[in-house]
Amino acid sequence: MKIAVIGAGAMGSLFGAYLAGGGHQVALVDVWREHVEMINKQGLRIEEKSGEKIVSLTAEKDTRNLGAQDLVIIFVKSYNTADAVNTARNLFTESTVILTLQNGLGNAEIIADTVRNATVLAGTTAHGATVLGPGYIRHAGVGETIIGIYKGAGDRRVHDIADTFTNCGIKTRVVDDIASQLWGKLLINIGINPLTALLNVTNGRLVEYDATCALMQMLVSEGEAVARAGGINIPYADVLEKVKQVAVATGTNRSSMLQDLDKGGRTEIDFINGAVVREGAKLGISTPYNEMVTQLIKAVEAIREFNVN
Ligand code: KPL
């Protein structure tokens, strides 16, 4: 299969490396010049629990040198989705499948609106990975990947892609109701990401204190109310319990939002807690705690930017 991965951060690089390792023709695309150069020079270096390995694969700064692809996986930050897909138009034919495995809500909609007639799949992954330096990542945790059809006639292809991933070492399952999974992941992210970012703590610390558990509960119960009002079938019996389990299971992780702030960069808050606020407003459900953390994260982003300039 010819596969392009747009956005070669930790997760994009990890998926690209596993698929290349399984014999597919993979190109990673990322604007980070040092990362691209290092991957082309020495391969992608991956620190696994079992030791280090180096996987050879191609990396590009843009899609100019690439032709039509069978599968394009979008892993860019949510606020870059429209731009990334727009500038990758040369990769798409009528038979190309586009899969988003990004954090947050709204990415599949943006892709489907940008590339009309495309088959768009969406999904979530519970793998954990961190960038350690240019051309160098840590595969911190193994987890399940779940994909489903967002739009288009992808019935057979979604199963082919899941089988391809599984055969390459990325255990993947297909579901009919992908919105349910996307919301499930969103509820985890709204409870963990802004709090770890604001308090500058790893995920596991959130379950250690009554005060942080209370904050998680406020954020998550608002999200749950919005999801239920929108007719979403939430995939967990006890949402707060699930969020706490994930915080423990990924205890030593610095959440993606904390990592974004560490880098002095923009976060995906608008697509995480901000998305809950927007959906809540549409459905008449008030979400004051999610609104507050959204504004707090934006304030931190603004202050960091101010200090840098
Ligand atoms: O998805 C994550 C993230 O950091 O974005 C969690 C599940 C919170 C793991 O760190």
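Let me start with the ligand, which is surrounded by Asn-103, Ile-188, Asn-189, Ile-192, Asn-193, Asn-203, Val-246, Thr-250, Asn-253, Ser-255 and Ser-256, where a residue is taken as near if its C-beta atom, placed from the backbone, lies within 6 Å of the molecule. This is a predicted model, in which local features need pLDDT of at least 70 and side-chain atom pairs count only at pLDDT 80 or more, while totals for chains, interfaces and linings use all residues. Residues are numbered from 1 along each chain as its sequence is written.

By class, the shell around the ligand has 3 nonpolar, 8 polar and no charged residues, with Ala, Val, Leu, Ile, Met, Phe, Trp, Tyr, Cys and Pro counted as nonpolar, Asp, Glu, Lys and Arg as charged, and the others, Gly among them, as polar. Helix α6 gives the most to this shell, with 4 residues; helices (H or I, at least four residues) and strands (E, at least two) are DSSP runs numbered from the N terminus.

If we leave aside neighbours within four places in sequence, Leu-99 is in contact (C-beta atoms, placed from the backbone, within 7 Å) with Leu-71, Ile-73, Ile-74, Leu-121, Gly-123, Ile-147 and Ile-161. As for Val-5, its bridge partner in β2 is Leu-28, and 5 bridges join strand β1, residues 2-6, to β2, the two running parallel. Of the 5 residues of β2, 4 are buried, so this strand is largely enclosed by the rest of the structure.

Finally, there is an open sheet of 4 strands in the order β4-β3-β10-β9, with mixed pairing, where two strands pair if DSSP finds at least two bridges between them. Both β4 (51-55) and β9 (128-133) stand at the edges with a single partner strand each, so one side of each is left without a neighbour in the sheet. Strand β9 is joined by 5 bridges to β10, residues 136-141, and these run antiparallel; within that pairing, Val-131 has Ile-137 of β10 as its bridge partner.

Conventions:
Two residues are in contact if their C-beta atoms, placed from the backbone, lie within 7 Å. A residue is buried if 20 or more other C-beta atoms lie within 10 Å of its own, exposed if 12 or fewer, and partly exposed in between; C-beta atoms are placed from the backbone.
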